Amino acid sequence: WDPRHGPCCTVDDFSVDLQGYARSEWNRSAAQVFAVEYLKRYEGDNYTLEFVAEAWLTRVAGMKAQFKNSQQDKAIRKDRKALHRRRQRKQELYARRLDTAYRYAEIKDQAVPVVQSLGLDGMSSDESDHEGHDGEATYHILDKDWRSRRITAWLRMLDALHLRLRYSGEWQATSGAWPHFRTSSLRESARPAVGELPTDFYSHNWYQAQSSFVKGQLKATKPRVSLEIPAEYLKSASIAISGLTTDVHGMSTGCLNNTIYQTARWSADKCPNHIYYYPGCHACDSSPRRF
């Protein structure tokens, strides 16, 4: 709009600038349009053009403040919903890992204390990114730098075992929603370390770098269970340590062909021991595809 060519708008096509200043050039021009029309309709009021225009600009300032507050309220509500969803995903992750830990008798005495000791706050949160993966949201794991890699290996292994439980004896997927797609990232969690955990739950380098005050606040305890992963599960742990996450809707960023039952005899043309074909696996095709 060029003010040299006339008013910014007309009575029939009236508009207000709520993004700029209340007394922006556009709004001052609109105030003149409003004032002229007002005095036409209410001739009995003994108001001057300048008075009506000024009163209208004051009203615009109030409208702008209301608009700004409404936008802020929307942003606050959006942030609260995002935090709620993140907390809900974390609760589901904790429940899923604990349930899986109970289901495997060979590792239950180690896995259950690991998950229960960490608790809900010991689970990694994630942030959503709705781009990629065929329209499915991708969730970037927020790294907990205080947590030991051995603990992370246990948790990732439980995630892999959970997917195995989702298949029946005929390798047909069971009903129910799949876990959401989580992938490793360089993003770090801002939440403090969980306290009163065994010392081997903490990253050795991280723990040694803490001051005596922080260590006193943590109140770390003596190790209670062995964190050595049984030999038959080591492959699963190595995949976890390398940062390859499994999950969601029949997809995986890492091949699980040799995770748990690495000695199982499956033909190369049917790889039911993992969810997604992945290049590099000796039993997989050269490109990823769903089976």
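Me: Which residue forms a salt bridge with Asp 121?
Reply: Arg 87 does, with the closest N and O atoms 3.5 Å apart. A salt bridge here is a side-chain nitrogen of Lys or Arg within 4 Å of a carboxyl oxygen of Asp or Glu. Note that this is a predicted model, where local features need pLDDT of at least 70, side-chain atom pairs count only at pLDDT 80 or more, and totals for chains, interfaces and linings use all residues. Residues are numbered from 1 along each chain as its sequence is written, and side-chain values use heavy atoms, with hydrogens and water left out.

Me: Where do Asp 121 and Arg 87 lie?
Reply: Asp 121 is in the loop between helix H3 (108–118) and strand S1 (126–129), and Arg 87 is in helix H2 (residues 49–103), so the pair ties together parts that are 34 residues apart in sequence. Helices (H or I, at least four residues) and strands (E, at least two) are DSSP runs, numbered from the N terminus.

Me: And how exposed are Asp 121 and Arg 87?
Reply: Asp 121 is partly exposed at 34% relative accessible area. Arg 87 is partly exposed as well, at 36%. The cut-offs are under 20% relative accessible area for buried, over 50% for exposed and partly exposed in between, with a 1.4 Å probe and protein chains only.

Me: How many salt bridges does the count come to?
Reply: Seven. One of them joins the side chains of Asp 2 and Arg 4, at 2.8 Å from N to O. Arg 4 is exposed, at 72% relative accessible area, whereas Asp 2 is partly exposed, at 22%.

Me: What does Arg 41 pair with?
Reply: Glu 37, with 2.9 Å between the closest N and O atoms. Both sit in helix H1 (residues 25–41), four residues apart, which means about one helical turn between them. Arg 41 counts as exposed, at 59% relative accessibility.

Me: Is Cys 8 buried or exposed?
Reply: Buried, with a relative accessible area of 11%. Cys 9 is buried too, at 8%.

Me: Now the rings. How many aromatic pairs does the structure hold?
Reply: Eight. Rings of Phe, Tyr and Trp (its six-membered ring) pair if their centres lie within 6.5 Å; planes under 30 degrees apart count as stacked, over 60 as edge-to-face and the rest as tilted. Trp 146 and Tyr 202 make a tilted pair, 5.9 Å centre to centre with 55° between the planes.

Me: Which parts of the chain does that pair link?
Reply: Distant ones, 56 residues apart: Trp 146 is in the loop between strand S2 (138–141) and helix H4 (149–165), and Tyr 202 is in the loop between strand S3 (181–183) and helix H5 (204–208). Trp 146 is buried at 2% relative accessibility, and Tyr 202 is buried at 3%.

Me: What about the rings of Tyr 202 and Trp 206?
Reply: Their centres are 6.0 Å apart and their planes at 20°, so the pair is stacked. Trp 206 is buried, with a relative accessible area of 17%.

Me: Which residues form one aromatic cluster?
Reply: Phe 14, Phe 34, Tyr 38, Tyr 42 and Trp 56.

Me: Overall fold: how many helices and strands?
Reply: Seven helices and three strands, in the order α-α-α-β-β-α-β-α-α-α along the sequence. Of the 291 residues in the chain, 40% are buried.

Me: What share of contacts comes from residues 24 or more positions apart?
Reply: 61% of the contacts in the chain with a separation of 6 or more. A contact means heavy atoms within 4.5 Å.
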